[in-house]
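Subject: Structure handover

Hello,

Here is the structure for you to look over. My notes follow below it.

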Amino acid sequence: MTTAEERIDTLERAFGPLDDPANPLGTAALLAADAAGEVLPEAEQVLDAFDLNAEFVPADVGGRLERMDVLGRILRPVFRRDASLGFGYGLNCFFATTPVWTAGDPEQRGHAARLLLGGRRVAVARHEVAHGNDFVRDEFTARTVPGGLVLDGSKSAIANASRATGLVIFARTEGAARGRSHTVLLLDRDELPADRVEDLARRTTTGMRSAEFGGLRITDCPVPESAVLGEIGDGYELSLRSSLLIRGLIPSIVLAGADTALRTVARFANRTRADGRSSLDVQHVRDVLTGGFLDLLVIDCLALVATRALHLLPRQMSAYAAAAAYLAPKLVAESMDEMSSVLGEETFAQDGAYGMFQKQRRDLPVTSLGHAGSAGRQVSILPQLPYFARHAWFADPEPPPGLFRPHEPLPPLDLSQPVLLGDGDPLAATLVACTDLLEAAGGQGEEGEGGPTLRFLARALTGELVELKKAFEKVQQGDREALSSPYSFGLADRYTLVLAGAAALGVWREQRHAPADRVDSFLAAPAWATAVLYRLVRRLGLPLPDRPADCERLALDEVMARLHNRRSYDLYSSPLA
């Protein structure tokens, strides 16, 4: 069996260079397909040959899904090129089947696996939620009858509605108790009465224009009781449990698009003008490129923690997945706004060498929203923070070092283990431990441990954790009014920035101790971690040390080196076609 690294490299090479005008899967072809609202057929053929669907199917039912961190990385070559392709071809199938992998019985899991491994698609019609991603408020209902249920209703915006054989339907169950209002059904369209299922018109979208968002109407359709995933009324819980898997992937897909955006802007800035100068001579341009790269590194630190925690910390990972999915799109959106000031009028290019920037910027809100956007992710975090303040912060032990070591093996993925509300916050303990490490090194004059600037910044983040502890100790467990206040939402935002700093420090510390064949000299040096923490502490509005100009200069050098050497802008510096 090929290794994960080999699969990632194989997929990247199969697409060929994005910036090669002669490449039939390059920028020009992808932008033309996007303008036409169509997915490039040749690109889908690449994914067919790679058997991408197998990456979304757990290994115990015949697929290749064994590690969530690997899945996030495999998606990157696709999303660097076209979010419509990545989402419409396969990732939406994973989103659809997560309730099956989470709660399905052996027959249901086997059936979903056979569909995907056979090259078919599975679509999902989710229920209504506040702050959700529905274009309009419509839904399916299911009423129980002897031997099964009768399904009725419509949804006007379902990804891959007309292309999917499998359907996962969240249907409102009539007469159900509060909290048990929805039931999840796994259906095979080929087995439904043809006259009871109707495709509705496709809807156009501003972002991911090539992805098909169509409607579906089902009228008085009988379905067997065996179609129910879990138990009748489990829909809300299944939706939340599924989000634990899905959220950890959000940073990887937004990072991949931002990688292409940053590469586009770096290439633009590196042009030599007629007077022999370039945009890189301007400090603002250098700051934007440096900041964009540092944001991608911290996003990848969160992606690493969120996905590996599913394996290593299933009872504590809920807050990390929500924080990663909340913060990554926010950082990328702000970074892209800054990049647009460098591109100037080329920001609006629809084609040509810089047209990919506009496409990636346009696709970002669609790829990152998911079933519940930023507010929904904060709502997932907030109920856990009073408990952490009383029982976890400055008391929990650290997580296993493998949380920050991407090349270390992981225990098998057990989807029965993750819980919605964590019983601890070991990532916060990493922040405290790294701060102690830096303080001790400073006391002994060991500046190789990061120097006074990194020490100051780590201390600032730890101080912020102290303030968060004080604030949430005042909130009674379950006090919904207090937790739903704008003040609490602001604190949750600050908590995600503290977690981001903890993740970055953890990655840096473990790189320093990595085996010689696994160490990355750039990540093992303290410069990037110092520059990342400076940005996080500045976002928090805390007092700052002198700006780490030397660290930022090293980060910019890395940006340009990876541009010229065709390497990815993430923790892995993967070779690009």
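**Ser335 and its surroundings**

Ser335 is in contact (heavy atoms within 4.5 Å) with Gly292 and Asp295, leaving aside its neighbours within four places in sequence. Ser335 sits in helix 10, residues 318–343. Helices are DSSP runs of H or I, at least four residues, numbered from the N terminus. Ser335 has 5% relative accessibility, so it counts as buried. Buried means under 20% relative accessible area, exposed over 50%, and partly exposed in between, with a 1.4 Å probe and protein chains only.

A note on the basis: this is a predicted model, where local features need pLDDT of at least 70, side-chain atom pairs count only at pLDDT 80 or more, and totals for chains, interfaces and linings use all residues. Residues are numbered from 1 along each chain as its sequence is written, and side-chain values use heavy atoms, with hydrogens and water left out.

**Pro411**

Pro411 lies in the loop between helix 13 (385–391) and helix 14 (426–443). Its relative accessibility is 35%, so Pro411 counts as partly exposed. Not counting residues up to four places away in sequence, Pro411 touches His311 and Leu312. The C-alpha atoms of Pro411 and Arg308 are separated by 9.6 Å, though the two are 103 residues apart along the chain.

**Helix 17**

Helix 17 covers residues 486–512, 27 residues in total. Of its 27 residues, 21 are buried, so helix 17 is largely enclosed by the rest of the structure.

Best wishes

Definitions and conventions. Helices (H or I, at least four residues) and strands (E, at least two) are DSSP runs, numbered from the N terminus. The expected span of a helix is 1.5 Å times one less than its number of residues.
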